[in-house]
Amino acid sequence: CPVVLAPVNSSVAMPPPADIVKVAIEWPGAYPKLMEIDQKKPLSSIIKEVCDGWSLANHDQFALQHADSSNFYITEKNRNEIKNGAILRLTTSPAQNAQQLHERIQSSSMDAKLEALKDLANYSRDVTFAQEFINLDGISLLTQMVESGTERYQKLQKIMKPCFGDMLSFTLTAFVELMDHGIVSWDTFSVAFIKKIASYVNKFASDISILQRSLAILESMVLNSHDLYQKVAQEITIGQLIPHLQGTDQEIQTYTIAVINALFLKAPDDKRQEMANILAQKQLRSIILTHVIRAQRAINNEMAHQLYVLQVLTFNLLEDRMMTKMDPQDQAQRDIIFELRRIAFDAESEPNNSSGSMEKRKSMYTRDYKKLGFINHVNPAMDFTQTPPGMLALDNMLYFAKHHQDAYIRIVLENSSREDKHECPFGRSSIELTKMLCEILKVGELPSETCNDFHPMFFTHDRSFEEFFCICIQLLNKTWKEMRATSEDFNKSGVMQVVKEQIMRALTTKPSSLDQFKSKLQNLSYTEILKIRQSERMNQEDFQSRPILELKEKIQPEILELIKQQRLNRLVEGTCFRKLNSRRRQDKFWYCRLSPNHKVLHYGDLEESPQGEVPHDSLQDKLPVADIKAVVTGKDCPHMKEKGALKQNKEVLELAFSILYDSSGQLNFIAPDKHEYCVWTDGLNALLGKDMLSDLTRNDLDTLLSMEIKLRLLDLENIQIPDAPPPIPKEPSNYDFVYDCN
């Protein structure tokens, strides 16, 4: 029988061409136009077409901009960001707009000037406008206005103080926005301008917007120019900054600590200790503890980051001592060792007792140094020639002996009375422990650009590192006894591994004080650590028999396939990535996700961090998976090869990866955390048909293999497995039996 072809349904709409975008275009005093923009056409011809529609001549003096609050101009570079249904506005070109604003802000009318500065502050966020305004020497004009502003409007301040404050606020806002684009070098500013900005920190302390922008400018100057650091350091004192920490505005407190951190970070090595001494005299630590950490409000991410940076910079002051070897010929350094011996063994006798022969005293000293736990009993100075921890270990020991004398004497005498093999050598333990604490706190490393990991307890004491050591050396002695350790355990690092685990587990709870840290350690005895380890290993038993290994081998491919699917599903959901810039507070985000058919990566910029998934059609850019040539990580990434403090940062390096495509195309990522880094690198490698090599894959594989093997080894003989799940029981009449562990 003949085949009858069904007629084509002509009502089915064809999808619009990919290069056509449907938009509405506004023009003041006219009805908006609906039109289709062909992205293949030059932007100038599209603008001409729009102008012709409204019979406007000189189309080269016009431009298109987004009609939303951003007012950003559309250029050949960013035109791909236009979405279907977008509302655009026909307006004067960036060059003309910049020229007009340049003239308007010099108006003799205060009202006109104020309005112009307000517009300038708004438009300066757009890099296209900023470039045009800067080309007119606009930044010099703003700096001249700031330098001469106070004198020129002194009379006005009395009668129009709010107006003057608003003008200055808009001027500084525009300046900050223009400089934020990185077009102009910070090295070009005069001492007069710096003096003016520094003076605003005191003069306009009550005007939040002026104070905030002044602090932001000072921070950027210090971070971006060595010459400006020296000029700013002469103009602004820590004493002038401290009062701003005692207020209630967390944003001002954050900016203030950021300036202090910048001054601290950029100070020459020989000046850093001097600055730390000034901060100690000004009671910075206790002010931060009282007005920031213990204030009755949550600490936001940026404040947490600045506190972390201050914590790192403070601990980095220890680096010099950590890397200084002891000079066995230096009498002052040898006297510290004599003092340790004296406090331990001569506390009740006359310290300058010189009775007995030289040989007898030498023999007694050697015996005492052995009791103190030094490796070199004859010349203990030789124990402090390894760096790290260098002289820092000896500093810690002396601090412990002087400030916790009873605990020090008890530890030394307790170990003196034990068998040789069971004594916990105080000297050797202190050196190893100091080295470990420096590793835990990353002493000597630059602060990370992304980390917020500050510990409140380190802000509760002026000598927090030494106090931290004193608590941990007593913990080490206690753990040594609980483990019945011998001197051989030092070589195997058994005790030190347990002590490190105890310290790390206590630190992760973020204790609010050193006493709280001490009590956390009390609950983490060696027995408790063993229990924790056992419970963590319960689901990870390692079956080594041959049949089990063969079963593992058989199951592994399907488990890997399961992990691969999970990674690809996560890529389909997508992730929000943060763009790192010189001023971390102005976060900019972009989002990337894989299409459900795994053929295309969709990505694009976002105004703010999204709540949930971002749909594909709102992401403007596409990258076909077939075009991807390679995925590189760490130092191999193009954006990690550039110079700059951020690029030297180890933590950022560990989160960086890039997609390489075409001849020179690249898509650069910095993952928000290690988990997302593993998910994305695994998923991208899976898309390219390569092995997934991350730590996360290894852990997932171990966990899933262990679970699958246990399931397969269950004794299910004669056990009836139901076809339907069991019914859900009724809710209880009340919930009084619930116990809140918190």
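Biologist: A nonpolar core is a set of buried Ala, Val, Leu, Ile, Met, Phe, Trp, Tyr and Cys residues joined through side-chain atoms within 4.5 Å. Which residues touch the most other members in the largest one?

Modeller: Leu142 and Ile288, out of 86 residues. Buried means under 20% relative accessible area, exposed over 50% and partly exposed in between, with a 1.4 Å probe and protein chains only. This is a predicted model, where local features need pLDDT of at least 70, side-chain atom pairs count only at pLDDT 80 or more, and totals for chains, interfaces and linings use all residues. Residues are numbered from 1 along each chain as its sequence is written, and side-chain values use heavy atoms, without hydrogens and water.

Biologist: Which helix gives the most to this core?

Modeller: Helix α7, residues 161-180, with ten residues. Helices are DSSP runs of H or I, at least four residues, and strands are runs of E, at least two, numbered from the N terminus.

Biologist: And what does Ile288 touch?

Modeller: Leaving out residues up to four places away in sequence, Ile288 touches Leu245, Ile257, Ile293, Leu307, Leu310 and Phe459. Contact means heavy atoms within 4.5 Å.

Biologist: New topic. At what angle do α20 and α22 pack?

Modeller: About 30 degrees, with the axes 11 Å apart. Axes are lines fitted to C-alpha atoms over the stretch in contact, and angles run from 0 to 180 degrees between N-to-C directions. Therefore α20 is roughly parallel to α22; that word covers angles under 35 degrees, with over 145 roughly antiparallel, 65 to 115 roughly perpendicular and the rest oblique.

Biologist: Which residues of α20 make the contact?

Modeller: Ala407, Arg410, Ile411, Glu414 and Asn415.
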